[in-house]
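Reader: Can you walk me through this one? I'd like to go residue by residue, then look at the sheets.
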Amino acid sequence: MRRLLAEWEHQRMVQLTWPHAATDWNYILADAEDNFLRIARAIMRYGKLVVISEDAERIHRLLGEDVEVLAIASNDTWARDHGGITVEEDGKKKVLDFCFNGWGMKFAADKDNLITERMAERGCFERLNCRDYVLEGGSIETDGCGTLLTTSLCLLSPNRNATLTREGVEERLCREFGVSRILWLEHGAIAGDDTDSHIDTLARLAPDDTIIYQGCQNPDDSHYEEMQAMRRELEAFRTKNGTPYLLVELPMPAPQYEDDFRLPATYANYLVINGAVLVPTYDCPQDDEALNRIKSVFADRDVIGIDCRTLIRQHGSLHCVTMQYY
């Protein structure tokens, strides 16, 4: 029997796939690398970091010899979605390698789709081939106890697994992850998100039957109606025991723009690691409130804000560029 692990369980390492000149970061590469360095150094304070980069000498110069660097080619840097997903089976940790097709064939992904296989070839983990099914790590959330939370906009997208109905998708998820129930959100979207509403931008399962979610409190904000509808769905969800979830709402960051285009700033895109929670911040008044609300749930961990204004210029944030392994 398989079990999909919760993010707050003890981790063995965290993956970053480093930006380079052939990625979409090339026009702001120095800023992007600085953002990745802040994330990398925070991860290394609490555990092992593995970096995917063909320039090992540069990575060691920037981060020291303690970081493990794997020389593997990449299209881009979104490790959450091209990385493998860990399950526990018969007491052993195994990594499922799903197909990554650039969020429904929006972007090139031929190199990224091979990264998990290349990591397995280098002995990082035992890999199970699931390439006949398209799935990104940012599209699913679990409590580690048989519940999976996701969005219909993403998992039922016709450019991912077009031949499958909702029932077919549920059957596949239950089989691969050993989950017994799936909570579907029909509402929720962050402006500028290329992923068709990944759950890790919207709502996160947390310990003690808690859901931390991105709210919107301003009726004049374009997100307001959709996020209020999502909140009502979350209020209607029930735990395995039939009780409501404890809901913790995060403030909406002040709007962030580039060339008059609103960027997908969300505090829900945090990363839980051993001993800490790394939270994206955006140099706005709502940052402190978001950190405090996440701290109220993860009281036993350090909660660390990391400025991610550069990351959202490529339409993702902190959780999107990381993947944990157990």
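Reader: Which residues is Gln-324 in contact with, leaving aside its neighbours within four places in sequence?
Author: This is a predicted model. In it, Gln-324 is in contact with Glu-7, Gln-11, Met-13, Val-14, Arg-80, Thr-86 and Leu-271.

Reader: Is Gln-324 buried or exposed?
Author: Gln-324 is buried. Its relative accessible area is 7%, and the cut-off for buried is under 20%.

Reader: Which side chains make a polar contact with the side chain of Gln-324?
Author: Arg-80 is one of them, at 2.8 Å. Tyr-326 is another, at 3.2 Å.

Reader: And what strand is Gln-324 in?
Author: Gln-324 sits in β19, which covers residues 322-325.

Reader: OK, the sheet then. In what order do the strands run in the open sheet with β19?
Author: The order is β4-β3-β2-β19. Four strands, with mixed pairing. The edge strands are β4 (68-70) and β19, and each pairs on one side only. On average, neighbouring strands of this sheet are turned by 25° against each other, direction ignored.

Reader: Which helix packs on the sheet?
Author: Helix α1, residues 29-44. The helix touches β2, β3 and β19. The direction of α1 makes about 170° with that of β2.

Reader: What holds paired strands together in general?
Author: Backbone hydrogen bonds, in either the parallel or the antiparallel arrangement.

Reader: New topic: β17. How many of its six residues are buried?
Author: Six of the six, so β17 (residues 276-281) is largely enclosed by the rest of the structure.

Reader: Which residues are on each side?
Author: One side has Ala-276, Leu-278 and Pro-280. The other has Val-277, Val-279 and Thr-281. They are all buried, and both faces of β17 are covered.

Reader: What does β17 form with β16?
Author: A hairpin, with two residues between the strands. Gly-275 is in the turn and has a positive phi of about 85°. Strand β16 is residues 271-273, and three bridges join it to β17 in an antiparallel run. Ile-273 has Ala-276 as its bridge partner in β17.

Reader: How many bridges join β17 to β18?
Author: Six, and those strands run parallel. β18 covers residues 302-307. Thr-281 has Asp-307 in β18 as its bridge partner.

Reader: Which helix does the chain go through from β17 to β18?
Author: Helix α9, residues 287-297. This β-α-β crossover is right-handed.

Technical notes. Residues numbered from 1 in each chain as written. Predicted model: local features only at pLDDT ≥ 70, side-chain atom pairs only at ≥ 80, totals over all residues. Heavy atoms only, no water. Buried < 20%, exposed > 50% of the residue type's maximum accessible area, 1.4 Å probe, protein only. Polar contact = N/O pair within 3.5 Å; in protein donor to acceptor, adjacent residues only side chain to side chain. Contact = heavy atoms within 4.5 Å. Pairing = 2+ DSSP bridges. Axes fitted to C-alpha atoms, helices over the stretch in contact; angles between N-to-C directions. Right-handed = clockwise from strand over helix to strand, strands pointing away.
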